[in-house]
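Please read them beside the coordinates.

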Number of protein chains: 2
Amino acid sequence: MLGRLNHVAIAVPDLAAATAVYRDTLGAKVTQPQTLPEHGVTVVFIDTVNTKIELLEPLGENSPIAAFLEKNPAGGMHHICYEVDDIIVSRDRLKAAGARILGDGDPKIGAHGKPVLFLHPKDFLGTLVELEQA
Amino acid sequence: MLGRLNHVAIAVPDLAAATAVYRDTLGAKVTQPQTLPEHGVTVVFIDTVNTKIELLEPLGENSPIAAFLEKNPAGGMHHICYEVDDIIVSRDRLKAAGARILGDGDPKIGAHGKPVLFLHPKDFLGTLVELEQA
């Protein structure tokens with residue numbers, strides 16, 4: 001079931017400063033910021049050749065990463081996203097295994113325009129896991 | 001400078017249980033456990049096609065992941081490892097930029113038999129970053 005690692009998301013309090021760390025200090029390719037109001041974040045992508053890192057800054061008043069940044073003011077790894085061939089088959093298999101899907105359990109359209117689901121960190125080794133339709 | 005994402009490491013309190021989550025619930029390929037006494041961990045690798053996940057369980061009394069698991073008893077993402085072409089050139093460039101290298105600043109031989117360094121999380125968005133010679 002588990003496919004490619006699509007991305008690792010790092011939540012940051014200041015996207016411009018975080019971009020400078022990756023672009024200038026680490027010498028990485030970083031895209032221009034995109035605001036995603038429907039996801040409550042502004043994002044840049046870092047190309048690591050085989051996968052990508054997303055740097056996420058909160059956008060708006062109900063950003064889903066606001067609570068994480070309150071607990072981790074300097075930022076930190078927020079979630080990891082794996083690709084799956086069929087997100088509905090994967091969801092049903094996970095539910096049958098007793099894993100909890102966040103929200104109403106139906107896939108939403110994610111930042112890359114594809115259906116995504118989030119899995120409960122308590123069922124996945126303390127790690128927030130996103131599944132994205134490949 | 002920044003190359004491939006070599007792996008994401010997830011620290012876990014119980015490697016057998018964590019292996020079951022990835023192998024049975026998520027349907028991933030997981031290797032047999034390897035004890036690495038010189039690194040203070042037992043590790044399994046998960047193949048995600050384009051990169052890998054390492055699940056780390058503490059080994060021995062001075063495991064470098066023990067403190068992390070005290071703070072995060074259910075486990076969590078512990079570090080992220082990027083490949084670099086020349087670890088000495090990268091280290092010197094990072095030091096010149098004011099970034100802190102953990103330990104004595106000299107590369108050690110990592111779990112994959114290649115020279116590695118760890119960078120201070122406070123300089124890298126709250127994320128422990130490992131650099132590995134490609």
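1. Basis. This is a predicted model, in which local features need pLDDT of at least 70, side-chain atom pairs count only at pLDDT 80 or more, and totals for chains, interfaces and linings use all residues. Residues are numbered from 1 along each chain as its sequence is written, chains are lettered from A and ligands numbered from 1 in the order in which they are written, and side-chain values use heavy atoms, with hydrogens and water left out.

2. Fold of chain A. There are 3 helices and 9 strands in chain A; helices (H or I, at least four residues) and strands (E, at least two) are DSSP runs, numbered from the N terminus. Their order along the sequence is β-α-β-β-β-β-α-β-α-β-β-β. The radius of gyration of chain A is 15 Å, close to the 14 Å that the globule rule gives for 134 residues, so chain A is as compact as a globular protein of that length. That radius is taken over C-alpha atoms, and the rule is 2.2 Å times the number of residues to the power 0.38. The C-alpha trace spans about 45 × 30 × 25 Å along its principal axes.

3. Of the 134 residues, 51% are buried, where buried means under 20% relative accessible area, exposed over 50% and partly exposed in between (1.4 Å probe, protein chains only). A contact means heavy atoms within 4.5 Å. Among contacts between residues at least 6 apart in sequence, 52% join residues at least 24 apart.

4. Charge in chain A. The chain carries 12 positive and 17 negative side chains, and the centres of the two sets lie 5 Å apart. Lys and Arg count as positive and Asp and Glu as negative, while His and the chain ends are not counted; each charge is placed at NZ of Lys, CZ of Arg, CG of Asp or CD of Glu.

5. Aromatic pairs. The whole structure holds 2 aromatic pairs over all chains. Rings of Phe, Tyr and Trp (its six-membered ring) pair if their centres lie within 6.5 Å; planes under 30 degrees apart count as stacked, over 60 as edge-to-face and the rest as tilted. For Y22(A) and Y82(B), the ring centres are 6.0 Å apart and the planes at 85°, so the pair is edge-to-face. This pair crosses between chains, from helix 1 (residues 15–25) of chain A to strand 6 (residues 76–84) of chain B, and both tyrosines are buried. The rings of Y82(A) and Y22(B) likewise have centres 6.0 Å apart and planes at 85°, so they are edge-to-face. Here strand 6 of chain A supplies Y82(A) and helix 1 of chain B supplies Y22(B); both are buried.

6. T25(A). This residue is in helix 1 of chain A and counts as buried at 18% relative accessibility. Leaving aside residues up to four places away in sequence, T25(A) touches A20(A), M1(B), R93(B), L94(B), A97(B) and F124(B).

7. T48(B) lies in the loop between strand 4 (41–47) and strand 5 (52–58) of chain B, is buried at 0% relative accessible area, and has Y82(A) and I53(B) among its contacts. I10(B), in strand 1 (residues 5–11) of chain B, is also buried, at 0%. I10(B) touches residues including L125(A), T127(A), Y22(B) and I53(B). I10(B) and I53(B) are 43 residues apart in sequence and 7.3 Å apart in space, C-alpha to C-alpha.
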